Amino acid sequence: FEALRSSLGIDSDVLKNIFDALQQNLAFDIRSDYEEPVFRSSIISIQSIAPGTVLTGCVKNMTTFGIFVDCGLGKDGMVPINGEIFTQSDSEKCPLGPGDRVKVRVARVSGSNNKRIMLELAT
């Protein structure tokens, strides 16, 4: 274990996490513990939305420039980050993270064939 850890140049906790992950069943998905978002049945594609449409989604990923949200449209939308920390609500001070359920408003749909969905958090 120690020889492998040092040859890879990684921390022992990281190597333990890798070993644990490799021992999981192939069907295991860590996201299965997350609460599923409730998608609106009337909205099934990007063509079904317009600016101002309010949707419920699930945070899929966070980067330094935006929060990616799955709203059940087949394409994730993005909430741009402008240096502020986003939380579920004003009363809840925990930052958003993958798996969190969020309410978003469509700001715009752009790009050729409506490929980009820009969102903002709805209050």
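**Figure 1. T53 in the loop between α2 and β1.** T53 sits in the loop that joins α2 to β1. Helices (H or I, at least four residues) and strands (E, at least two) are DSSP runs, numbered from the N terminus. The model is predicted: local features need pLDDT of at least 70, side-chain atom pairs count only at pLDDT 80 or more, and totals for chains, interfaces and linings use all residues. Residues are numbered from 1 along each chain as its sequence is written, and side-chain values use heavy atoms, with hydrogens and water left out. T53 is buried, at 15% relative accessibility. Buried means under 20% relative accessible area, exposed over 50%, and partly exposed in between (1.4 Å probe, protein chains only). The T53 side chain reaches the backbone oxygen of A50 at 2.7 Å. This is a polar contact: a pair of N or O atoms within 3.5 Å, where within protein one must be able to donate a hydrogen and the other to accept it, and residues adjacent in sequence count only if both atoms are side-chain atoms.

**Figure 2. The fold and its confidence.** The protein has 2 helices and 7 strands. From the N terminus, the order is α-α-β-β-β-β-β-β-β. Of the 123 residues, 25% are buried. Mean pLDDT is 79, and 75% of the residues reach 70 or more. pLDDT is the predictor's confidence in each residue, from 0 to 100. Which element has the lowest mean pLDDT, and which the highest? Strand β4 (residues 87-89) has the lowest, 53, and strand β3 (residues 77-80) the highest, 91. Where pLDDT is low, the predicted coordinates should not be read in detail.

**Figure 3. The largest nonpolar core.** This core holds 17 residues. L55, V69, L73, V104 and L119 have the most contacts inside it. A nonpolar core is a set of buried Ala, Val, Leu, Ile, Met, Phe, Trp, Tyr and Cys residues joined through side-chain atoms within 4.5 Å. Strands β1 (54-62), β2, β6 (101-110) and β7 (116-121) each supply at least two of its residues. The largest share, 3 residues, comes from β6. In soluble globular proteins, nonpolar side chains tend to be buried together.

Figure 4. D70 belongs to strand β2 (residues 66-70). D70 is buried but has no salt bridge. The nearest side chain of opposite charge is K60, 4.0 Å away. Lys and Arg count as positive and Asp and Glu as negative; His and the chain ends are not counted. A polar atom of the D70 side chain lies 2.9 Å from the backbone nitrogen of G72. I67 is also placed in strand β2. I67 is buried, at 0% relative accessibility. I67 and E120 are 53 residues apart in sequence, yet their C-alpha atoms are 9.7 Å apart in space.

**Figure 5. The salt bridge between E120 and R105.** The side chains of E120 and R105 meet in a salt bridge at 3.3 Å, N to O. E120 lies in strand β7 and R105 in strand β6, so the pair ties together parts that are 15 residues apart in sequence. A salt bridge is a side-chain nitrogen of Lys or Arg within 4 Å of a carboxyl oxygen of Asp or Glu. E120 is partly exposed, at 36% relative accessible area. R105 is partly exposed too, at 28%.

**Figure 6. Salt bridges within the helices.** The whole structure contains 3 salt bridges. One of them joins E2 to R5, with the closest N and O atoms 2.7 Å apart. E2 and R5 are 3 residues apart in helix α1, so about one helical turn separates them. E2 is partly exposed, at 47% relative accessibility. Another joins D20 to K16, where the closest N and O atoms are 3.0 Å apart. D20 and K16 both lie in helix α2, 4 residues apart, about one turn of the helix. D20 is partly exposed at 32% relative accessible area, and K16 is partly exposed at 45%.

**Figure 7. Aromatic pairs.** A search of the whole structure finds 2 aromatic pairs. The rings of F1 and F19 have centres 5.8 Å apart and planes at 50 degrees, so this pair is tilted. F1 is in the segment before α1 (2-8) and F19 is in helix α2 (residues 12-22), so the pair links distant parts of the chain, 18 residues apart. Rings of Phe, Tyr and Trp (its six-membered ring) pair if their centres lie within 6.5 Å; planes under 30 degrees apart count as stacked, over 60 as edge-to-face and the rest as tilted. F19 is partly exposed, at 33% relative accessible area. F65 and F68 form an edge-to-face pair, 6.0 Å centre to centre with 90 degrees between the planes. F65 is partly exposed at 47% relative accessibility, and F68 is partly exposed at 22%.
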